[in-house]
Protein chains: 2
Amino acid sequence: MDRNDDIERCESIQTHSDILEKVTQDLPEDEILYDLAELFKIFGDSTRIKILYVLFESEMCVCDIAQLLGMTQSAISHQLRLLKQSKLIKYRREGKTVFYSLADGHVRTILGQGMDHLAE
Amino acid sequence: MDRNDDIERCESIQTHSDILEKVTQDLPEDEILYDLAELFKIFGDSTRIKILYVLFESEMCVCDIAQLLGMTQSAISHQLRLLKQSKLIKYRREGKTVFYSLADGHVRTILGQGMDHLAE
DNA sequence: ATAATATATGAACAATCATTCATATGAGGA
DNA sequence: TCCTCATATGAATGATTGTTCATATATTAT
């Protein structure tokens with residue numbers, strides 16, 4: 001039972017079994033590609049991008065971010081949870097307030113490359 | 001009428017008007033941040049990521065990609081349209097077949113940085 | 001213990017999205 | 001022209017998602 005049985009065929013790829021082999025070899029595992037997509041989904045919302053940009057300047061508490069972006073504390077908190085789950089931000093508690101900050105440098109690089117692409 | 005009227009306030013940010021000023025200065029325009037989010041949404045789907053990975057090896061026609069990924073021609077074609085609209089891939093026609101390929105190097109960098117982040 | 005403040009979270013709803021199915025377009029061959 | 005192959009696309013549908021609202025948790029002060 002090949003799960004590709006019901007998929008259309010064309011002839012071009014059969015004639016290039018070397019490429020077919022290289023592709024199937026270099027394509028990462030399905031689970032990794034799924035995780036990668038999940039990561040980029042996080043960048044796929046302008047509220048979350050704004051939060052990341054704001055954290056470029058300085059660590060900040062939830063209420064500050066909400067105020068800066070003109071959004072409710074709840075909406076920001078929900079988004080911070082997603083950013084936290086993806087390990088894009090980290091936090092530290094100081095009394096009642098929780099300060100969030102960027103977790104590593106990949107965020108800047110990824111957003112920067114995105115900006116570069118748009119600028120072209 | 002300040003549209004922030006209904007937003008909660010906290011005190012910490014008032015005491016750091018320098019940071020507030022820097023953030024509002026460095027934060028790109030809303031429209032750009034929106035476009036940036038739209039771009040990353042494209043990377044936020046494992047089918048599209050697979051297509052991009054496959055195109056790392058070589059240009060390929062729609063049917064080849066569908067066959068390689070075990071998906072229907074229609075599903076792939078719809079996704080190729082989105083990738084095309086975001087200028088992540090380009091195409092050339094040769095008779096009946098249309099060959100797709102990567103548009104520029106940002107794709108590799110962005111996916112690479114995403115992988116790096118996952119690996120940490 | 002009670003109140004006040006900062007943050008987190010569950011449920012609900014509207015909006016967005018990926019895939020499927022059916023069908024259309026376009027190009028080459030008989 | 002008619003048929004076939006490769007690709008594109010519109011409509012429908014089930015699934016996912018961002019925000020809101022109400023409420024819960026956690027910490028500090030009185």
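Biologist: Which of the 25 residues around DNA strand C come nearest?

Modeller: A:C61, A:C63, A:S74, A:S77 and B:S74. This is a predicted model, where local features need pLDDT of at least 70 and side-chain atom pairs count only at pLDDT 80 or more, while totals for chains, interfaces and linings use all residues. Residues are numbered from 1 along each chain as its sequence is written, and chains are lettered from A and ligands numbered from 1 in the order in which they are written.

Biologist: What makes a residue count as near a strand?

Modeller: Its C-beta atom, placed from the backbone, has to lie within 6 Å of the strand. By that rule, 25 residues surround DNA strand D, and B:C61, B:V62, B:C63, B:S74 and B:S77 are the closest.

Biologist: Which element gives the most to the surface near DNA strand D?

Modeller: That's α5(B), with six residues. For DNA strand C, the largest share comes from α5(A), also six residues. Helices like these are DSSP runs of H or I with at least four residues, strands are E runs of at least two, and both are numbered from the N terminus.

Biologist: Why are β1(A) and β3 of chain A said to pair?

Modeller: Pairing asks for at least two bridges found by DSSP. β1(A) and β3 (residues 97-102) have two, in the antiparallel sense, so they qualify as a pair. One bridge joins A:C61 to A:F99 in β3(A). The open sheet of three strands has the order β1-β3-β2 in chain A.

Biologist: What makes β1 and β2 of chain A edge strands?

Modeller: Each pairs on one side only: β1 (60-61) and β2 (89-94).

Biologist: Which residues is B:L80 in contact with, leaving aside neighbours within four places in sequence?

Modeller: B:I51, B:V62, B:I89 and B:Y100. Contact means C-beta atoms, placed from the backbone, within 7 Å, so B:L80 meets that cut-off with each of these four residues.

How values were computed
Two residues are in contact if their C-beta atoms, placed from the backbone, lie within 7 Å.
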